[in-house]
Amino acid sequence: MPSNATGPASRTADKNTAPPLPEPLRVPVADSHTHLDMQSGTVEEGLAKAASVGVTTVVQVGCDIKGSRWAADTAAAYGNVHATVALHPNEAPRIVHGDPDGWSRQGVRAGGGDAALDEALAEIDRLAGLPQVKGVGETGLDYFRTGPEGKAAQERSFRAHIEIAKRHGKALVIHDRDAHADVLRVLKEEGAPERTVFHCYSGDAAMAEECAREGYFMSFAGNVTFKNAQNLRDAVAVAPLELLLVETDAPFLTPAPYRGRPNAPYLVPVTVRAMAAVRGIDEDALATALGANTARAFDY
Ligand SMILES: [Zn+2]
Ligand SMILES: [Zn+2]
């Protein structure tokens with residue numbers, strides 16, 4: 001490596017450079033949660049790159065009306081892409097508060113208030129009925145990005161998404177950021193759908209045991225490789241094998257040693273290997289379970 005490789009200019013270049021292809025998995029798996037619409041390159045390129053290392057299926061997650069329509073359209077066009085549709089927990093308060101830069105430009109009436117949220121939820125409900133849409137989410141609670149003023153809208157939206165998932169018999173994809181207790185409480189109050197996935201699982205081992213008792217799937221992202229994430233590795237260690245999933249949440253949460261660089265589904269093998277090491281099991285055995293679990297969770 002040249003001596004200037006650690007200089008500021010090369011660090012900047014490195015930050016925007018796609019990490020190299022990992023060694024392929026021998027047993028194919030699915031990226032259980034990705035955002036292809038936020039990644040660079042075409043969908044074809046992203047899927048081909050992923051498939052070249054054994055990531056043969058992806059679940060494309062919608063976060064707003066526009067993204068949910070895109071997810072449904074993309075899943076209709078590609079057999080190995082499955083869609084989920086939702087208003088993200090940080091999107092719901094924006095709709096209620098009438099954010100002019102968000103949903104109102106997406107072909108849904110502007111104005112805000114609970115009526116606007118209901119109108120947006122009706123479109124999610126319609127999309128959830130499509131056959132290529134396998135899940136409702138990401139929904140849930142996010143107390144990190146949404147302040148107390150958005151809590152009521154967030155919880156109302158979460159409850160509505162649970163109802164939609166149950167009525168259509170689709171998986172529920174949970175986004176839980178700094179809101180573990182309330183997410184578990186709302187699920188219990190509403191009655192969780194038969195198949196519920198905690199995406200980017202962020203709890204500890206004790207919460208993993210609680211999720212296991214309820215039969216919730218736990219999907220781990222690249223942050224399980226981060227030095228400060230021992231709680232996630234403890235959760236990977238205690239979660240039942242049949243409830244484990246893997247995801248990228250790309251373009252976010254790129255696994256170590258590529259943290260900070262662009263993430264994409266082809267980096268799933270890095271996270272699979274980290275999880276296998278934590279559990280002390282063979283990479284192929286874990287990949288076999290992950291592949292089967294994702295198909296069961298999303299019923300494809
Ligand atoms: Zn999320
Ligand atoms: Zn996501």
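Along the chain, the donors of the zinc ion (ligand 2) follow the spacing H-x1-H-x102-E-x110-D. Donors are N, O and S atoms within 2.8 Å of the metal (3.2 Å for Na, K and Ca); water is not among the atoms, so sites may look incomplete. The structure is a predicted model, in which local features need pLDDT of at least 70 and side-chain atom pairs count only at pLDDT 80 or more, whereas totals for chains, interfaces and linings use all residues. Residues are numbered from 1 along each chain as its sequence is written, chains are lettered from A and ligands numbered from 1 in the order in which they are written, and side-chain values use heavy atoms, with hydrogens and water left out.

The protein donors of the zinc ion (ligand 2) are His 33 (NE2), His 35 (NE2), Glu 138 (OE) and Asp 249 (OD), at 2.1 to 2.3 Å from the ion. Glu 138, in strand 4 (residues 133-142), and Asp 249, in the loop between strand 8 (244-246) and helix 10 (268-279), are 111 residues apart and link distant parts of the chain. Helices (H or I, at least four residues) and strands (E, at least two) are DSSP runs, numbered from the N terminus. Glu 138 is buried at 2% relative accessibility, and Asp 249 is buried at 9% (buried: under 20% relative accessible area, 1.4 Å probe, protein chains only).

An unreviewed UniProt entry places the feature "binding site" at His 175 and His 199. These residues span 25 residues in sequence, yet no two of their C-alpha atoms are more than 5.8 Å apart, so they gather at one spot. UniProt annotations may be inferred rather than shown by experiment.

His 175 belongs to strand 5 (residues 171-177) and is buried at 12% relative accessibility. His 199 lies in strand 6 (residues 196-199) and is buried at 4%. Contacts (heavy atoms within 4.5 Å) of His 199 beyond four places in sequence include His 33, Glu 138, His 175 and Asp 249. The side chains of His 199 and His 33 are joined by a polar contact of 3.3 Å, a polar contact being a pair of N or O atoms within 3.5 Å; within protein, one must be able to donate a hydrogen and the other to accept it, and residues adjacent in sequence count only if both atoms are side-chain atoms.

Terms used. Buried < 20%, exposed > 50% of the residue type's maximum accessible area, 1.4 Å probe, protein only.
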